[in-house]
Amino acid sequence: MSGFAQYDLRHDDGGEAVLALSGPYLVSTIGAVDEELFALDGPITTVDVSGLSEIDTVGAWVACNLATRHEAEITGASERAERLIAALDGTAGEEKVAAERLPVWERVPAAMGTKVFNARSGVYGVIGFLGAIVAASGNLIRHPRRFRWLALVRQLELVGVSALPIVGLMSFLIGIVIAQQGAVQLAQFGAETLTVNLVGRITLRELGVLMTAIMVAGRSGSAFAAQLGTMRLTEEVDAMRTIGISPMEALVIPRILAAILMMPLLGFYAAGVAIVGGAVIGDLMLGIPFWSFLMRIQEVVPTYDLWVGLIKAPVFGLIVALAGCYHGMQVKGDSEQVGLRTTMAVVTGIFAVIVIDAFFAVFFTEIGWG
Amino acid sequence: MAIDDDGRELGRHERFRGEYPIVVEGLVNRFGEQTVHQDLDLKVRRGEILGVVGGSGTGKSVLMRSIIGLQPPTEGSVTVFGKSMTDSDPDENIGVRNRWGVLFQGGALFSTLTVGENVQVPLKQFYPDISPALLDEIARFKTVLSGLPEAAAGKFPSELSGGMKKRAGLARALALDPELLFLDEPTAGLDPIGAAAFDRLTRELKETLGLTVFLITHDLDTLHEICDRVAVLADKKVIAVDTVPNLMQLDHPWIQEYFNGPRGRAALTAQALDELRRHMDVPIAAHAVKALDNDNKDGA
């Protein structure tokens with residue numbers, strides 16, 4: 001008994017062609033012979049399977065297939081082979097197994113077209129979502145007792161308090177980088193002392209809030225999308241509706257409020273830590289004593305720089321939370337959607353924040369807060 | 001490689017001829033403070049359908065996961081095809097994984113692949129030299145063997161109903177022509193007609209393919225209809241393994257309540273009716289069914 005699947009095509013005197021299969025015909029052995037068997041030229045009148053040591057459905061399938069293609073007869077089947085061959089009767093088909101995959105030159109334009117076409121419904125969706133939030137807020141203002149304080153506090157903790165270490169570390173490093181790089185460039189004009197102005201103004205006006213918004217989008221925007229998306233998949237959102245709880249009030253509003261409330265605090269904290277980082281570099285590299293650096297900040301940074309940051313922060317928070325919640329609530333179908341929507345929440349959140357930041361920059365300069 | 005009863009290593013293409021493909025001895029599973037299994041012993045005979053029953057939380061799924069090596073037990077030994085699962089890594093190739101198929105509760109189909117491609121995954125993993133044309137043919141006939149329409153082979157799992165997902169999962173479990181099949185609550189969530197059809201399919205497949213089936217279930221009809229023996233999990237161990245009629249004689253409170261409760265009796269009646277129908281040409285009148293049911297209640 002050999003360990004390999006084998007075949008032998010014999011022509012006997014009567015012009016009969018007998019294909020004798022031998023060895024184990026199993027899913028594990030068939031790979032060696034199946035292409036050769038498929039390529040065999042007819043005519044074959046008989047497929048002799050008496051020499052098979054082992055057979056499973058795949059082996060039986062190959063034997064059956066040979067017999068049907070050459071209109072041959074199967075002989076010498078053992079009891080097991082017969083049972084398998086009988087079970088396979090009528091299971092042949094032509095259906096495509098793999099999903100249709102278009103070539104690149106068709107797929108890319110098609111995807112583009114779908115995107116453009118879907119953009120309109122996307123806009124409708126976002127406006128509808130905003131409307132639902134406004135309606136839910138209105139409801140909550142009329143019935144303040146329905147507001148979920150506990151959920152809000154929990155989200156405040158998740159969005160704000162637990163973000164403190166990472167936002168602090170990031171800002172500290174950014175402060176160091178700005179001060180160090182700024183000092184190198186300013187030294188060319190002999191204006192190292194202006195490093196204080198640079199660090200103070202840029203962190204309070206721009207970077208503190210912007211980097212925090214990006215961090216919050218990555219931490220909380222994605223978490224919102226993933227949480228809400230999973231709740232949609234497990235039908236928790238539907239269960240809430242049937243109990244009479246509005247998911248907008250219970251899930252979305254606390255998250256959005258938390259982001260709006262925490263962003264100014266986090267942004268201010270980030271700017272503060274970045275200034276400290278700058279002061280450390282000032283002390284170590286520029287010879288500006290740590291405390292003098294902080295005192296100079298008060299003199300050179302106009303108060304409106306602080307306001308610019310603080311006004312932008314809640315808007316950024318709103319955008320990031322909206323993107324997260326909107327995409328989370330759009331999840332339907334399978335688990336793959338959750339990942340997809342989470343990515344989209346972060347990408348659209350950060351993109352929108354940067355676009356709005358550009359508008360703010362122009363706006364504040366125009367009103368004389370340059 | 002798997003090892004036969006007499007200690008000989010099985011060839012790659014040889015079927016297991018020992019008496020017990022699965023042997024569990026002294027199994028202990030503990031999660032923190034909570035003990036799920038304590039000194040659990042179980043042997044599964046070759047060629048039988050072993051039903052595993054037990055209340056919720058008695059660790060039926062944990063037992064299955066321990067046997068297939070997904071859940072390393074705290075203590076004890078699990079031997080599958082003569083090969084110790086407890087001494088090997090979960091991802092180590094020990095030559096038994098191509099001898100079994102597992103149907104998870106939700107089907108656990110890969111959602112980015114069609115049903116046909118799902119069936120091909122284990123084939124490609126173990127036997128990369130099979131030609132693509134034959135792979136497609138195998139995927140199609142396994143799909144049909146599992147009781148799905150042929151058109152399902154090209155569909156994604158998200159396009160299928162719950163029952164169809166189970167059948168698709170079964171098709172993938174059968175992809176390698178396994179000798180051992182694990183089914184985790186295959187009929188849960190199916191309508192009675194679908195469940196009965198799935199039971200029939202399991203039985204047929206077992207007979208044609210010569211499978212050994214390890215079947216976790218809550219479905220009393222399944223137990224009566226297709227299981228050769230039933231293992232009862234209670235008090236952290238297997239308290240009894242026997243045929244259903246023998247089990248019903250036992251004097252354990254949980255077993256009594258399980259098999260002789262209202263649902264147990266209904267399943268028994270259905271079984272008896274089925275038996276009757278097989279021997280009668282005339283349809284059975286409703287009052288006869290009722291009488292039989294009452295009889296059964298008195299008997300219990």
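Q: Before anything else, what is pLDDT?
A: pLDDT is the predictor's confidence in each residue, on a scale from 0 to 100. The model here is predicted.

Q: What is the mean pLDDT of chain B?
A: Chain B has a mean pLDDT of 83. Of its residues, 88% reach 70 or more.

Q: What ipTM and pTM does the predictor give the complex?
A: The ipTM is 0.74 and the pTM is 0.72.

Q: OK, the interface. How many residues of chain B are in contact with chain A?
A: On chain B, 34 residues are in contact, and their partners are 33 residues of chain A.

Q: Which elements of chain B give two or more residues to that side?
A: Helix 2 (115-126), helix 3 (132-145) and helix 5 (192-209) of chain B do.

Q: Which one gives the largest share?
A: Helix 3 of chain B, with 10 residues.

Q: How do the residues on that side of chain B divide by class?
A: The side of chain B that touches chain A has 15 nonpolar, 10 polar and nine charged residues.

Q: Switching to chain A. Into what domains is it divided?
A: Domain 1 covers 6-88, domain 2 covers 99-145 and domain 3 covers 147-366 of chain A.

Q: How far apart are domain 2 and domain 3 of chain A?
A: Their C-alpha centres lie 24 Å apart. In the contact between them, 10 residues of domain 2 of chain A meet nine residues of domain 3 of chain A.

Q: What classes are on the domain 2 side?
A: Seven nonpolar and three polar residues of domain 2 of chain A, with no charged ones, make up the side that touches domain 3 of chain A.

Methods. Residues numbered from 1 in each chain as written. Chains lettered and ligands numbered in written order. Predicted model: local features only at pLDDT ≥ 70, side-chain atom pairs only at ≥ 80, totals over all residues. Contact = placed C-beta atoms within 7 Å. Helix = DSSP H or I, 4+ residues; strand = E, 2+ residues; numbered from the N terminus. Nonpolar A, V, L, I, M, F, W, Y, C, P; charged D, E, K, R; others polar. Domains from an automatic or database assignment.
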